[in-house]
Every structure is written in structure tokens, then in C-alpha cells.
Amino acid sequence: MVGFVQNYDELKKKVDVSACTAVNDVFVLTAWGKDSKADGKIQMLADGSAEFAKKIGLEVDLTARGLGVRSRRYSMVVQDGVVKSLNIEEGTGVEKVRAPRAMCALV
């Protein structure tokens with residue numbers, strides 16, 4: 001998320017709202033947002049039960065590793081409720097979803 005915060009001014013020219021969703025509770029996301037200096041820039045959206053991740057088909061079951069159901073890493077551009085661009089990270093990397101690369105891919 002650091003790259004998105006660092007590139008916030010450039011991103012703001014292209015999108016109305018920047019948000020981060022994670023399979024965690026609101027308290028964890030609030031702390032993460034403050035620690036990442038995302039306050040006022042990136043909306044932190046808690047998906048504690050992975051319901052959003054499941055509904056968009058990006059859940060990953062890591063129960064065998066003791067992590068439960070999580071969300072895959074991705075970046076997405078949504079315009080008027082329609083997904084215009086979706087970049088899904090393969091494996092454990094952050095090559096496709098980090099800024100500014102994700103922003104360039106989403107333009």
C-alpha cells in the first residue's frame with residue numbers, strides 16, 4: 001500500500017476514490033491505515049468474514065496454513081459499478097498490484 005500512498009496525488013487525478021480491502025477487522029485496517037499514512041487518502045474497508053472476496057471470486061482458502069479464508073491480492077478499477085480493469089497477483093508476489101505499476105496498468 002505504501003506505493004499507492006506515495007503516488008496518491010497522481011492516482012487522485014485518475015480516480016474518485018481509492019480503497020483498500022483486506023480480510024481483517026475494522027480495528028486492524030484502521031491501525032494499518034494510520035501506520036501506512038493512508039488516512040484521508042485511501043479508504044480502508046474491512047472484509048472480516050471474506051464475504052466481499054467470496055462474492056467477487058477472489059477468495060483463497062489458507063485454512064491448512066492456519067490462516068482461514070483470505071483474499072487474493074489484486075487491484076481493480078470500477079466505474080459506475082462495472083469492473084473496467086482487474087489485475088490479479090499470482091502467488092505471493094506484489095508485481096501486478098503495486099503502485100505505480102498497477103496504476104499504469106489501470107489507465
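## Report on a predicted 107-residue model

Read from the N terminus, the elements of the protein follow the order α-α-β-α-β-α-β-β-β-β-α, which amounts to 5 helices and 6 strands. The model is a predicted one, and its confidence should be read alongside its geometry. The mean pLDDT of the protein is 82, with 83% of the residues at 70 or more. Among the elements, helix 4 (residues 51-55) has the highest confidence, at a mean of 94, whereas helix 5 (residues 101-106) has the lowest, at a mean of 40. Over residues 100-107 the pLDDT stays under 50, and for this stretch the model has 18 contacts beyond four places in sequence.

Of the 107 residues of the protein, 29% count as buried. The largest nonpolar core consists of 9 residues, namely Phe4, Val5, Leu11, Cys20, Ala22, Leu29, Ala38, Ile42 and Met44.

At the start of helix 3 (residues 26-35), aspartate 25 places a side-chain oxygen within 2.9 Å of the backbone nitrogen of phenylalanine 27. Beyond the other end of the element, helix 3 is followed by lysine 37, a residue with a positive phi, near 60 degrees.

**The hairpin of strands 5 and 6**

Strand 5 (residues 74-79) and strand 6 (residues 82-88) run antiparallel and are joined by 6 bridges. The two strands form a hairpin with 2 residues between them, and in the turn aspartate 80 has a positive phi of about 50 degrees. Valine 77, which lies in strand 5, stands opposite serine 85 of strand 6. The C-alpha atoms of valine 77 and asparagine 87 are 9.2 Å apart in space, the two residues being 10 apart in sequence. Valine 77 has a relative accessible area of 18% and is therefore classed as buried, the cut-off for that class being under 20%. In a regular strand, side chains alternate between the two faces of the sheet.

**Salt bridges**

Side chains of opposite charge can pair when their charged atoms come close.

| Glutamate 10 | Lysine 14 | 3.4 Å |

Glutamate 51 and lysine 54 both belong to helix 4, where they are 3 residues apart, or about one turn of the helix. An α-helix has 3.6 residues a turn, so residues three or four places apart point the same way. Glutamate 51 counts as partly exposed because its relative accessibility is 41%, and lysine 54 falls in the partly exposed class with a relative accessible area of 38%. The element that holds this pair, helix 4, is also the one with the highest confidence, at a mean of 94.

Methods:
Residues are numbered from 1 along each chain as its sequence is written. This is a predicted model: local features need pLDDT of at least 70, side-chain atom pairs count only at pLDDT 80 or more; totals for chains, interfaces and linings use all residues. Side-chain values use heavy atoms; hydrogens and water are left out. A polar contact is a pair of N or O atoms within 3.5 Å; within protein, one must be able to donate a hydrogen and the other to accept it, and residues adjacent in sequence count only if both atoms are side-chain atoms. Helices (H or I, at least four residues) and strands (E, at least two) are DSSP runs, numbered from the N terminus. pLDDT is the predictor's confidence in each residue, from 0 to 100. Contact means heavy atoms within 4.5 Å. A nonpolar core is a set of buried Ala, Val, Leu, Ile, Met, Phe, Trp, Tyr and Cys residues joined through side-chain atoms within 4.5 Å. Buried means under 20% relative accessible area, exposed over 50%, partly exposed in between (1.4 Å probe, protein chains only). A salt bridge is a side-chain nitrogen of Lys or Arg within 4 Å of a carboxyl oxygen of Asp or Glu. Two strands pair if DSSP finds at least two bridges between them.
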